[in-house]
Amino acid sequence: MTTLPNRPNTALLIVDVQNGVVDSSHNRDEVIANINTLLAKARSEAVPVVWIQHSSDELKPDSAPWRYVPELIREATEPLVHKRYGDSFEDTELESVLAARGVGRVVVTGAQTDACIRSTLHGAMVRGYDATLVADAHTTEDLTAYGAPAPEQVVSHTNLYWNWQEAPGRKGGTVDTADITF
């Protein structure tokens with residue numbers, strides 16, 4: 001359904017599952033286990049997997065917080081896209097990586113729900129992609145001290161509103177890990 005011509009394929013995006021991003025996140029271990037399940041399924045079906053890694057003052061390249069969690073292992077053939085903004089498409093090579101693989105639909109996992117996940121979902125849709133959020137494979141940290149809702153509410157609300165997202169010729173949607181189809 002994507003508006004991108006000649007893009008019949010789907011890719012799994014793994015966004016910012018880095019030590020300094022998810023160490024204190026809601027349901028960390030469950031989310032990482034679900035991402036590993038999705039990784040195995042994508043790889044077994046020859047679905048492109050694209051890793052996205054954020055850099056910032058707090059996530060300095062090559063530092064321990066910047067590194068991906070040890071439970072997730074990227075294969076050498078899987079692209080790694082470096083970013084500095086919430087939207088994984090913004091000022092990165094993500095679009096060219098997806099175009100080279102004929103991808104018109106992205107399946108989004110990772111962290112943080114209320115920042116890079118939301119930005120990437122919206123960024124994908126405005127660029128013409130269908131964008132599916134895996135409901136039990138994204139997480140965020142507890143920012144209630146700053147006035148944010150509790151993490152489980154942030155995740156739940158994002159799942160709720162993304163399930164109904166659509167635009168001309170494009171659709172959003174949510175799905176659980178167990179029900180994913182690539």
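A: The following account begins with the sheet, turns to one of its strands, and then considers the cores and the aromatic pairs. The model is a predicted one.

The sheet is open and has 6 strands, in the order E3-E2-E1-E4-E5-E8, with parallel pairing. Strand E3 (80–83) and strand E8 (174–175) form the edges; each has a single partner strand, so one side of each is left without a neighbour in the sheet. Helix H2 packs on the sheet, where it touches E1, E2, E4 and E5. The direction of H2 makes about 140 degrees with that of E5.

Within the sheet, E1 and E4 are paired in the parallel sense over 7 bridges. In this pairing leucine 12 stands opposite valine 107 in E4. E1 also pairs with E2, again in the parallel sense, over 4 bridges. Here leucine 13 is found opposite valine 50 in E2.

Isoleucine 52 stands opposite valine 81 in E3.

In soluble globular proteins, nonpolar side chains tend to be buried together. The largest nonpolar core here has 25 residues, of which Ile14, Val17 and Leu72 touch the most other members. At least two residues of this core come from each of strand E1 (9–15), helix H1 (19–22), helix H2 (28–44), strand E2 (49–54), strand E4 (103–111) and strand E5 (130–139). The element that gives the most is H2, with 6 residues. Apart from this core lies another, of 23 residues, including Ile52, Val97, Leu121 and Met125. Leucine 72, named above for its contacts in the largest core, touches Ile14, Val17, Ile32, Ile35, Asn36, Leu39 and Trp51, not counting residues up to four places away in sequence.

A pair of aromatic rings is described by the distance of the centres and the angle of the planes. The structure holds 3 aromatic pairs. In one of them, the rings of phenylalanine 89 and tyrosine 129 have centres 5.3 Å apart and planes at 40 degrees, so this pair is tilted. The pair links distant parts of the chain, 40 residues apart: phenylalanine 89 belongs to the loop between E3 and helix H3 (94–100), and tyrosine 129 to the loop between helix H4 (113–126) and E5. Both phenylalanine 89 and tyrosine 129 are buried. Another pair, formed by tyrosine 161 and tryptophan 162, is edge-to-face, with 6.1 Å from centre to centre and 80 degrees between the planes. Tryptophan 162 has 0% relative accessibility and therefore counts as buried.

Finally, the database record may be set beside the model. An unreviewed UniProt entry lists residues 10–142 as "domain: Isochorismatase-like". In the model, the end C-alpha atoms of residues 10–142 lie 31 Å apart, and the span is 32% helix and 26% strand.

Note on methods:
Residues numbered from 1 in each chain as written. Predicted model: local features only at pLDDT ≥ 70, side-chain atom pairs only at ≥ 80, totals over all residues. Heavy atoms only, no water. Core = buried A, V, L, I, M, F, W, Y, C linked by side-chain atoms within 4.5 Å. Buried < 20%, exposed > 50% of the residue type's maximum accessible area, 1.4 Å probe, protein only. Contact = heavy atoms within 4.5 Å. Pairing = 2+ DSSP bridges. Axes fitted to C-alpha atoms, helices over the stretch in contact; angles between N-to-C directions. Phe/Tyr/Trp six-rings, centres within 6.5 Å; stacked < 30°, edge-to-face > 60°. UniProt positions renumbered as here; feature names shortened; annotations may be inferred.
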